[in-house]
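Here is a short briefing for a first look at this structure. Keep the sequence and the 3D view open while reading.

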Amino acid sequence: MITERNLRWDKFIQEVCFRDIETLSSVQRIAVHCFWYDAEMGSGGYSGYMDCYPDTDANELAEAILTVSYKEIADNYLKAVAEGEADYWVETDMAYYNFSPSLSDCLEEYVEKHKDVIFD
């Protein structure tokens, strides 16, 4: 059964995530940064993320992750930035895949909590 929440999540992906990042409010920007990080982590790991987003401001993304989820995920991201290349990001990628709740789960909650701002 498709719920209103499911429809909002789809709308977030289709309508908000593909906007120019510079046009987004701070709440939207936080969500979109986390969405693309999680999406790329799911398809290519950290190295795939950096292939797509090489100009990422590490502190901005870490703060976004911390706002949406929790410290362990943000710390793992910062560890990937600083040390991950030594083992081709195996340790940090594997840690990322084992977080529970996942960043994606936390992001869905964040979007729902801020739906009045996300869907301006």
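**Helix α6 and the fold around it**

Helix α6 covers residues 103-113, and its buried residues are Leu-103, Ser-104, Cys-106, Leu-107, Tyr-110, Val-111 and Glu-112. The model is predicted. The buried residues of α6 pack against α1, α2, α3 (58-68), α4 (71-83), α5 (90-98) and α7 (115-118). In an α-helix, residues three or four places apart point the same way, because each turn takes 3.6 residues.

**Overall build**

- The protein chain holds seven helices and zero strands.
- Read from the N terminus, the order of elements is α-α-α-α-α-α-α.
- The radius of gyration is 14 Å, close to the 14 Å from the globule rule for 120 residues, so the protein chain is as compact as a globular protein of that length.
- Along the principal axes, the C-alpha atoms fill a box of roughly 45 × 30 × 25 Å.
- Of the 120 residues in the protein chain, 40% are buried.
- Take the contacts between residues at least 6 apart in sequence: 61% of them join residues at least 24 apart.

**Surface and charge**

- The protein chain exposes about 6900 Å².

- Ser-69 sits in the loop between α3 and α4.
- Is Ser-69 buried or exposed? Its relative accessible area is 16%, under the 20% cut-off, so Ser-69 is buried.
- Leaving aside residues up to four places away in sequence, Ser-69 touches Leu-103 and Cys-106.
- Both Leu-103 and Cys-106 are listed among the buried residues of α6.

**Aromatic pairs**

- The whole structure contains 15 aromatic pairs.
- One of them joins Phe-18 and Trp-36. The ring centres are 5.3 Å apart and the planes stand at 80°, so this pair is edge-to-face.
- The pair links distant parts of the chain, 18 residues apart. Phe-18 is in the loop between α1 (4-16) and α2 (26-52), while Trp-36 is in helix α2.
- Phe-18 has 60% relative accessibility, over the 50% cut-off, and so counts as exposed. Trp-36 is buried at 19%.
- Tyr-96 and Tyr-97 form another edge-to-face pair, with 6.1 Å from centre to centre and 80° between the planes.
- Tyr-96 is buried, at 7% relative accessibility. Tyr-97 is partly exposed, at 40%.

**Backbone details in two loops**

- Which peptide bond is cis? The bond from Ser-100 to Pro-101 is cis, with omega near 0°.
- Pro-101 belongs to the loop between α5 and α6.
- Tyr-88 is not a glycine, yet it has a positive phi of about 60°. Tyr-88 lies in the loop between α4 and α5.
- Trp-89 also has a positive phi, near 65°, and is a residue other than glycine. Trp-89 is found in the loop between α4 and α5.
- Tyr-88 counts as exposed, at 68% relative accessibility. Trp-89 is buried, with a relative accessible area of 15%.

Technical notes:
Residues numbered from 1 in each chain as written. Predicted model: local features only at pLDDT ≥ 70, side-chain atom pairs only at ≥ 80, totals over all residues. Heavy atoms only, no water. Helix = DSSP H or I, 4+ residues; strand = E, 2+ residues; numbered from the N terminus. Rg over C-alpha atoms; globule rule 2.2 N^0.38 Å. Buried < 20%, exposed > 50% of the residue type's maximum accessible area, 1.4 Å probe, protein only. Contact = heavy atoms within 4.5 Å. Areas by Shrake-Rupley, 256 points an atom, 1.4 Å probe, with all protein chains shown as cover. Phe/Tyr/Trp six-rings, centres within 6.5 Å; stacked < 30°, edge-to-face > 60°.
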